[in-house]
Amino acid sequence: MSQKFQEIISSEKPVLIDFFAVWCQPCRVQSSVLVTVKEQVGDNARIIKIDVDQYPEIASQYNVRGVPTLALFKKGEMLWRESGVHDVNTLVSLINQHS
């Protein structure tokens, strides 16, 4: 997965990574927000979910200590990262800023 992950975040388009856990209630809220974000940004960006329990090495590599944590990558570079639940407008604006 790590090689595949590197390929994904090296995209020319912005890639929003949602580090989550299935047992995390705020992660469920964030997940539903991301559905709306995807509808609004369409093909301008990818949104990928990474389960920190299933891929602990990726979470560790990016020092993810709490979930949900969102990170925006483009061409392999992390442009933004924050923990907690974020609203649709904030995320759409962030993605559009880097499209």
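This is a predicted model: local features need pLDDT of at least 70, side-chain atom pairs count only at pLDDT 80 or more; totals for chains, interfaces and linings use all residues.
Student: What does the radius of gyration of the protein agree with?

Tutor: The value is compared with the one for a compact globule of the same length; with 99 residues such a globule would have a radius of gyration near 13 Å, and the protein has 12 Å, which agrees. Along its principal axes, the C-alpha trace spans about 30 × 30 × 15 Å.

Student: How many of the contacts with a separation of 6 or more are between residues 24 or more positions apart?

Tutor: Residues 24 or more positions apart account for 70% of those contacts in the protein.

Student: Which residues have the most contacts inside the largest nonpolar core?

Tutor: In soluble globular proteins, nonpolar side chains tend to be buried together. Here buried residues make up 42% of the 99 residues, and the largest nonpolar core has 19 residues, with Phe5, Ile17, Phe19, Ile50 and Tyr62 having the most contacts inside it. At least two residues of this core come from each of α1 (2-9), β1 (15-20), β2 (46-51), α3 (56-61) and β3 (69-74), while β1 gives the most, with 4 residues.

Student: What does Phe5 touch, leaving aside residues up to four places away in sequence?

Tutor: Phe5 touches Ile17, Phe19, Ile50, Ile58 and Tyr62. There is also a second, separate core of 14 residues, which includes Leu16, Val33, Val37 and Leu70.

How values were computed:
Residues are numbered from 1 along each chain as its sequence is written. Side-chain values use heavy atoms; hydrogens and water are left out. The radius of gyration is taken over C-alpha atoms; the globule rule is 2.2 Å times the number of residues to the power 0.38. Buried means under 20% relative accessible area, exposed over 50%, partly exposed in between (1.4 Å probe, protein chains only). Contact means heavy atoms within 4.5 Å. A nonpolar core is a set of buried Ala, Val, Leu, Ile, Met, Phe, Trp, Tyr and Cys residues joined through side-chain atoms within 4.5 Å.
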